[in-house]
Amino acid sequence: MKIVRNGQAGTLESGDVMVIVSPRSPEAGAQLELEVHSIVEAQYGEEIRRVVRETLSELGVVDARVTIQDRGALDYCIRARVEAAAHRATAADGEK
Amino acid sequence: MEGVTIRRASLAGPDGRRVEQFLHANGLRMERGLEYTLVAEAGARIVATGSIAGPVLKCFATDEDVRGQGVMATLTTLLLEEEYRRGNWHTFVYTRPHNLNTFLSLGFQEVARVDRSVVLLESGPESVRDFVATLAARRTMAGGAVAAVVVNCNPFTLGHQRLLETAAGASDWLHVFVVREDLSAFPYDVRRTLVRRGTAHIPNMTVHDGGQYVISQATFPSYFTRDPAEQVEDHAALDATIFGRYIVPALCITHRYVGHEPHCPVTSVYNAIIRRELPGYGVSVLEIPRLELNGEPISASRVREAVRLGDWAAAESMVPPTTYDYLRSAEAEPIIERIREGRSCQ
Amino acid sequence: MRLNMLSAAGREIPDSIAGRKTVAPYRGPFASGPAGPRAPMPASCSRPGENKTLANLKEAIQAVGLKDGMTVSFHHHLRFGDRVTNMVLDTIREMGIRDLKFTVTGPHPVDDLFANYIEDGVITRMEHGFIVDELGPILTRGLLREPVTIRTHGGRPRAIEAGELSIDVAFIAAPCVDRFGNINGADGTSRCGSLGYAMADAQYARRVVAVTDSLSQAPLTRISIPGTQVDHIVCVDNIGDSSKIATGAIRSTKNPRDILIAQEIAAAVEASGLVRDGFSFQAGTGGVSLAVTQLVAGIMQREKVHGSFLLGGITGSTVSLLEQGFFDAIYDVQSFDLDAIASLGSNPRHVEISASYYANPHNKGCAVHGLDVVILSALEVDTKFNVNVLTGADGVMRAGPGGHPDTAAGAKLTIIGTPLLHGRIPAIVDDVITVVTPGETVDVVATEYGLAVNPARQDLLQSFKQARLPVVSIQELKARAEQMAGTPKRPEFTDEIIGVVEYRDGTVIDVVRQPVAWAGR
């Protein structure tokens with residue numbers, strides 16, 4: 001899945017997560033850049049990163065910048081938001 | 001959030017007055033240039049509000065009664081969604097320091113803070129770290145006299161040229177930041193090109209994009225409204241803090257040059273704050289007298305006035321040939337047209 | 001080399017702690033009695049025609065002889081509207097007095113002012129009832145010379161009466177004062193209702209200064225703190241911001257999860273068989289508690305039960321139960337909203353009580369010991385039913401005991417209502433970060449996934465099962481929380497002690513250590 005524009009999903013409500021999936025500059029080589037800001041960083045920071053990477057990997061996203069503003073979302077919610085944002089960031093998805 | 005509804009308020013209508021009163025009651029004033037405002041209401045009573053100006057979320061206020069109910073989270077989400085619709089993915093929050101924790105907990109990152117008056121936060125795919133990394137990659141030297149000048153150049157005049165020649169002449173290297181924000185008569189690309197052309201003879205100089213962090217809507221909105229009634233000091237202090245905290249170390253800057261400003265109150269406040277704040281970051285501030293013509297300092301606004309009046313001789317006497325050639329080119333026609341019609345704010 | 005002792009709650013307690021004469025580990029809710037007689041109360045004399053009123057705070061501070069190293073006390077009845085604490089501390093700072101011990105029943109800091117007093121050396125030690133807002137991070141940075149002592153609402157007057165907390169000067173924000181120094185909280189523009197937490201301070205402090213914005217020309221007919229205890233009166237423009245002293249009516253929750261928890265709790269209260277004539281009850285001011293109160297009133301109505309007294313922090317919703325005749329009386333140690341303040345001032349059945357009468361275990365009888373049921377909340381509960389209401393998941397102090405351990409120890413039935421997760425953080429864990437209320441005083445934990453009963457209460461377990469309540473084990477709740485949220489990483493701590501958690505009897509039940517992430521900040 002190729003990321004060609006910014007895609008966003010989620011909210012800043014308690015228990016939700018705001019995700020932005022963005023393209024990276026092409027010269028730097030394919031890479032996933034994760035920017036995670038979470039109210040539960042100390043308790044779940046690693047787990048959140050693991051779930052985001054796993055979800056992107058399942059979607060076949062290998063080159064993207066992913067910005068996460070997490071408000072204590074559970075794993076299933078994080079997965080859903082990342083997936084929705086990634087789809088909105090691909091060419092296949094119609095203009096919103 | 002129970003019983004609270006959020007909707008868009010049109011500031012031109014009766015809502016404008018209500019929002020203003022609510023902000024007043026919370027010790028804030030309605031800032032200029034708000035493009036989109038939301039109000040949260042419980043019944044007929046406003047309990048929270050927040051607005052957008054460019055990529056900046058600001059004019060936030062919440063009633064004590066609804067704190068901790070997630071009203072701010074919903075309001076901020078809706079404002080961000082509006083920003084994304086407008087294509088602004090790198091967003092800022094400009095607010096009072098007592099709201100810092102609220103926005104940190106919403107996942108924003110602190111950029112800079114002026115004690116007891118204002119804090120700037122950001123979110124999105126880019127951040128001040130990227131800006132600093134871009135600058136640091138263009139660092140030419142660490143050690144020696146490294147000067148910086150911030151210019152808008154609307155358009156580039158002989159006065160600007162003299163300022164940059166003076167600064168470069170006294171330094172090992174000069175970094176020039178051109179204000180990025182497109183709120184001036186001459187668009188950024190043109191202003192930057194004219195700076196380049198007018199300084200081609202200066203060998204030890206780099207021109208940088210001022211980006212979001214040097215006199216932008218986020219750091220210094222009153223620079224563009226030129227309204228002395230706005231919190232110019234807070235804005236200037238925020239801008240100076242960002243310069244000192246991020247830009248100075250990225251480029252190892254030792255000196256900052258500013259042009260003396262006898263007339264514009266906003267710029268003279270800015271210069272005073274720069275002089276007050278930057279020494280704390282190890283930077284000496286030097287104020288250079290303006291180049292004068294007929295006993296009056298040359299300024300971009302005088303050039304624009306000459307252009308407006310069609311007095312090309314006067315314009316030519318105040319700008320370098322590189323700027324004059326541009327002003328008379330076909331490319332400049334739409335801009336000249338706008339200045340003549342007075343449709344440009346400055 | 002410090003030796004570690006073990007409190008009966010299973011916590012390691014060092015045998016010496018800076019600023020404490022003795023360290024006695026907690027041994028059980030009623031294992032430790034008073035060590036000796038009460039501390040002496042100060043003696044004074046007065047002469048006919050004396051005028052207690054002084055021109056300003058500076059004069060009063062000079063008159064009481066405040067010096068470096070002394071202890072000053074304040075109360076928190078004006079809550080976030082309080083201006084007196086900052087006013088007094090600012091004057092003290094201007095006068096150059098330093099190194100004070102600062103004790104408030106429950107400090108409500110405004111902005112980051114407390115940090116400034118600490119950084120300036122005005123305040124070097126603290127003893128409080130709970131910790132709110134910015135104060136937690138400030139204390140966690142370890143800026144005080146000695147660890148903060150955290151006391152319960154009953155433990156504080158006990159410590160004052162025992163002479164463990166010896167107050168040099170009590171500054172009492174006084175909503176209404178007459179020229180004799182008689183004080184009440186029910187009148188005046190900055191009225192706050194009950195002054196219960198200030199009473200022990202007024203009785204035992206060496207000197208007492210009443211700070212008021214309402215000096216009554218007529219002698220007060222309602223007296224909370226008598227002029228016999230007040231040395232000086234200072235009038236200021238404004239002791240508080242009335243919009244922040246008392247909120248409007250606190251609305252009951254519409255959150256379905258909270259309502260579900262409240263329904264379970266109400267059913268448990270009914271199944272316990274305690275709802276009978278003479279029933280006494282305390283619930284907090286949170287959404288779940290307010291909903292439970294309404295549901296319990298419904299049970300009383302249906303079963304035609306007439307209650308005895310309502311206790312604790314009082315709101316309009318408790319007042320309406322009194323007015324509807326469900327209960328004979330309200331015992332009010334703190335009035336939370338405008339309705340409660342108005343009722344305290346007008347209804348003779350709405351009675352103002354001192355913190356000592358409310359919850360002090362070392363007198364001849366306190367109100368919590370007469371409680372049938374108390375409903376409480378928690379930051380976290382562990383599988384031993386120990387409750388933490390002090391430290392957050394990051395180890396930073398963010399709340400405090402208040403009357404939690406007092407009521408839990410006193411009531412026949414103590415129910416902790418909590419959602420299974422606070423955000424993503426599990427509320428049920430193997431070991432709480434800080435034990436504030438010991439598990440042996442907690443009977444039931446109610447979540448939206450069922451009720452867990454303390455195994456020591458087999459009687460309750462049987463009643464709940466008979467009533468077909470959704471009973472689960474505490475281990476099941478813990479496993480379910482982790483299954484949903486994942487196992488959180490717990491904070492690591494240095495050896496640096498930043499807080500001492502006193503049980504209500506003065507023993508140390510736990511200590512708060514500095515999280516590694518905060519060391520050197």
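These legends describe close-up views of a predicted model.

**View 1. A three-stranded open sheet in chain C.**
The strand order is β10-β9-β12 in chain C, and the pairing is mixed. β10 (183–184) and β12 (215–216) of chain C stand at the edges. Each has a single partner strand, so one side of each is left without a neighbour in the sheet. Strands of a sheet pair through backbone hydrogen bonds, in either a parallel or an antiparallel sense.

**View 2. The pairing of β9 and β12 in chain C.**
Strand β9 of chain C covers residues 176–178. β9 pairs with β12(C) in the parallel sense, over two bridges. Look for C:Val177: its bridge partner in β12(C) is C:Leu215.

C:Arg156 sits in helix α5 of chain C, which spans residues 155–162. Is C:Arg156 buried or exposed? C:Arg156 is buried, because its relative accessible area is 7%, and buried means under 20%. Neighbours within four places in sequence are left aside in the contacts that follow. C:Arg156 is in contact with C:Ser73, C:Phe74, C:Thr103, C:Val104 and C:Thr105, among others. The contacts also include C:Arg151, C:Leu165, C:Ile167, C:Tyr197 and C:Asp201.

**View 3. A polar contact of C:Arg156, and a distance across chain C.**
The side chains of C:Arg156 and C:Thr103 make a polar contact at 3.0 Å. C:Val209 lies 53 residues from C:Arg156 along the chain. The C-alpha atoms of these two residues are separated by 20 Å.

**View 4. The two domains of chain B.**
The domain assignment gives domain 1 (4–126) and domain 2 (129–340) in chain B. Their C-alpha centres lie 31 Å apart. Domain 1 of chain B brings 23 residues to the contact, and domain 2 of chain B brings 20 residues.

**View 5. The interface between the domains of chain B.**
About 1800 Å² is buried between domain 1 and domain 2 of chain B. Carbon and sulfur atoms give 55% of this area. Which residues of domain 1 of chain B lose the most area to domain 2 of chain B? They are B:Arg29, B:Arg32 and B:Tyr94, together 28% of what that side buries. Zero salt bridges are found across this interface. Six residue pairs are in polar contact between domain 1 and domain 2 of chain B.

Methods:
Residues are numbered from 1 along each chain as its sequence is written. Chains are lettered from A and ligands numbered from 1 in the order in which they are written. This is a predicted model: local features need pLDDT of at least 70, side-chain atom pairs count only at pLDDT 80 or more; totals for chains, interfaces and linings use all residues. Side-chain values use heavy atoms; hydrogens and water are left out. Two strands pair if DSSP finds at least two bridges between them. Helices (H or I, at least four residues) and strands (E, at least two) are DSSP runs, numbered from the N terminus. Buried means under 20% relative accessible area, exposed over 50%, partly exposed in between (1.4 Å probe, protein chains only). Contact means heavy atoms within 4.5 Å. A polar contact is a pair of N or O atoms within 3.5 Å; within protein, one must be able to donate a hydrogen and the other to accept it, and residues adjacent in sequence count only if both atoms are side-chain atoms. Domain bounds come from an automatic or database domain assignment. Buried area is the accessible area (1.4 Å probe) that two parts lose on being put together, summed over both. A salt bridge is a side-chain nitrogen of Lys or Arg within 4 Å of a carboxyl oxygen of Asp or Glu.
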